[in-house]
Structures are given as structure tokens and as C-alpha cells.
Amino acid sequence: EDGIRDQPRSRGLGDVYKRQLQLIVMGPPGSGKGTQSLALATDIGAMHISTGDLFRHHERSATSLGDQIQGFMKKGDLVPDHITIAMLKDKIESLPDGKGYILDGFPRTLNQAISFDEMLTAGSSKLDLVICIDVPERQLEHRLLRRMICAECSLVYGSHVGGEYDEYCKNCGGELQKRVDDSDKEVIGHRLKKYLDLSLPIIDHYQTHGILHRIDGTGSVTEVTTAIKRVLASTFKGTLSFNY
Ligand code: ADP
Ligand code: ZN
């Protein structure tokens, strides 16, 4: 036994291509990108990485990073790029090699997108797909004013048409709370304007790279999930380690 053996053809060939995906889900505040990324990540066995959740976690745990970012988040301003990029880089580097992930809320500036490209290139890695969930601006304020999030697991409640919520999270039993930045119309307006201003260059960037897919985000949670799965199924037909 030298330990080296040919794999039987019938078993080996397909597996070579089966791999984890590295995805970005973009969309304005209230578009459902958090809900969709979380569901999708669970479904395909990828890590859900939300920069907003990571920042809120730092705030709640009162870390030194938490202290630095609190002011920005409360006002609906973006956290400065150097802080955000460093945090994301740490997070990605902590993942096992080749582990799939879904980025939610990153990148939010063209500079973040370009830094991320450089990070991937340096690690001989690449993005598989960017999904942008489109929802008209006039629906977003309403969704944000209604939504609650679980303080423990960040699950989102009540922002969708027909969505309802209770006092406690059905996923983990955590307390449902109103986000500070979802409580004030002015802050909401500021966040939406920021998204409109900053997202176009990012969308252009990924469009140029041929990896952008836009999805209509006005339907129910299930309808949007189905639309995203359809894009994944047709883009990666036969190369996935999961079935849609
Ligand atoms: P939403 O999409 O509803 O605004 P997020 O949880 O994605 O919610 O983000 C909440 C806040 O966290 C943002 O308003 C911003 O202050 C901060 N934040 C999250 N991601 C980024 C990022 N990539 N760059 C800068 N700031 C960010
Ligand atoms: Zn929860």
C-alpha cells in the first residue's frame, strides 16, 4: 500500500466541481437582504456574514470597536471604510479554507468592493455571484418602520407584506427589538439616500465583471427566495454541492 490510488471514475468526476459558493447579496435597507441571505446560507451550508450584525454585536458587547462605531450607526451613517474592511477581512480569514459565505451589507462603497477584490485575488479566491434585490424606494420606509429584529440571533420580523411578529423570536426565543436606526424617519431617509448614492458604482462594478444578477424584491419572502434559487440553479447547474 503506497497510499496513492486512482479514484473510481464514477465517483470522483462530479465531486471535483462540487464546491462552496462565495456570494454577495446587496439591496437597500429594508429590501430583505438579511432575511434572504440567512435563509440561503442555511440552505447551501455557507456562512452568513452580515457587517451590520457584526457591528451590532460589538455595540452590545461594548468592545472598543463597538465604542468607535456607535455614533455612526445611530445616525445611519456608514462606518468608515478602514474599520469595516479590517473587520470583514478578519472574519473571512477566520473561516476554514474554501468555506462558502454570503456577504450581507458589504460592500457598501466602491472602495470596499475594490479592497475586497484585492483581498480575494491575494488569496487566489474569487466571487461567484452578486445578487442585488431591488425594491422601490417608496416601499422601504414603511418596511423599516415596521420591522423588529431578534436581539439574540438577528432574525428579522414584520417588515414584509402580511408579515407578523410577536414579542419573542420563534427561532431562538430571544427578545424582539426595534433597531435604533429603524425608529426615526429622518435616519431612515438618510440611510436610503446613502444607498441610492453609493450603490450605483458598486452595481456597475460587478456588472462589468459579469457576475451581477438583479432580483425583484417586491414579492413575499418565499417568492424572493425562489427567484434567488432559480438564479443559482441556472448559473451553477451541475457544479453545486446542493440541489435546487
Ligand atoms: P440596513 O441594510 O437595514 O441599513 P445593516 O444591518 O446592513 O442594515 O447596517 C446597519 C448599519 O451598520 C449601517 O447603517 C452602517 O452604519 C453600518 N454598516 C453595516 N455594513 C456596513 C458597511 N459595509 N460599511 C459601512 N457601514 C456599515
Ligand atoms: Zn432569535
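**A tour from the zinc site to the pockets**

Select C153 to begin: this residue is partly exposed, with a relative accessible area of 25%. The term means an area between the limits for buried (under 20%) and exposed (over 50%), found with a 1.4 Å probe on the protein chains only. The model is predicted, so local features need pLDDT of at least 70 and side-chain atom pairs pLDDT 80 or more, while totals for chains, interfaces and linings use all residues. Residues are numbered from 1 along each chain as written, chains are lettered from A and ligands numbered from 1 in the order written, and side-chain values use heavy atoms, without hydrogens and water.

**The zinc ion**

Next, select the zinc ion (ligand 2) together with C150, C153, C169 and C172, whose SG atoms are its protein donors (N, O or S atoms within 2.8 Å of the metal), lying 2.3 Å from the ion. The angles among the four donor atoms are 98 to 116°, and the site is tetrahedral (all angles between 85 and 135 degrees). Along the sequence, the spacing of the donor residues is C-x2-C-x15-C-x2-C.

Where do C153 and C172 lie in the chain? C153 is in the loop between strand 5 and strand 6 (156-157), and C172 is in the loop between strand 6 and strand 7 (176-177). The pair links distant parts of the chain, 19 residues apart. C172 is also partly exposed, at 39% relative accessibility.

**The nonpolar core**

Now select L21, L23, I102, L129, I131, I228 and L232, which have the most contacts inside the largest nonpolar core, a set of 24 residues. Such a core joins buried nonpolar residues through side-chain atoms within 4.5 Å. Colour helix 9 (221-235), one of the elements that supply at least two residues of this core; helix 9 gives the most, with four. Strand 1 (22-26) and strand 4 (129-134) are also among the suppliers. Helices are DSSP runs of at least four residues, and strands of at least two.

Move to S50, G52, D53, R56 and R179, the closest to the centre of the largest pocket among its 50 lining residues. The volume of this pocket is about 970 Å³. Which element gives the most to its lining? Helix 3 does, with eight residues; this helix spans 51-60.

Finally, select I92, E93, D97, G123 and S125, which lie nearest the centre of the second largest pocket, lined by 16 residues. This pocket holds about 340 Å³ of space, and helix 5 and helix 6 (110-122) each supply at least two lining residues. A pocket is an open set of points on a 1 Å grid where a 1.4 Å probe fits, with protein on both sides within 12 Å along at least five of seven lines; lining residues have an atom within 4 Å of a point.

Definitions and conventions:
Grid points are joined across faces, edges and corners, and a volume is the space filled by probe spheres set on the points. Donors are N, O and S atoms within 2.8 Å of the metal (3.2 Å for Na, K and Ca); water is not among the atoms, so sites may look incomplete. Four donors count as tetrahedral if all angles lie between 85 and 135 degrees; four count as square planar and six as octahedral if opposite donors are over 155 degrees apart and all others between 65 and 115; anything else is irregular.
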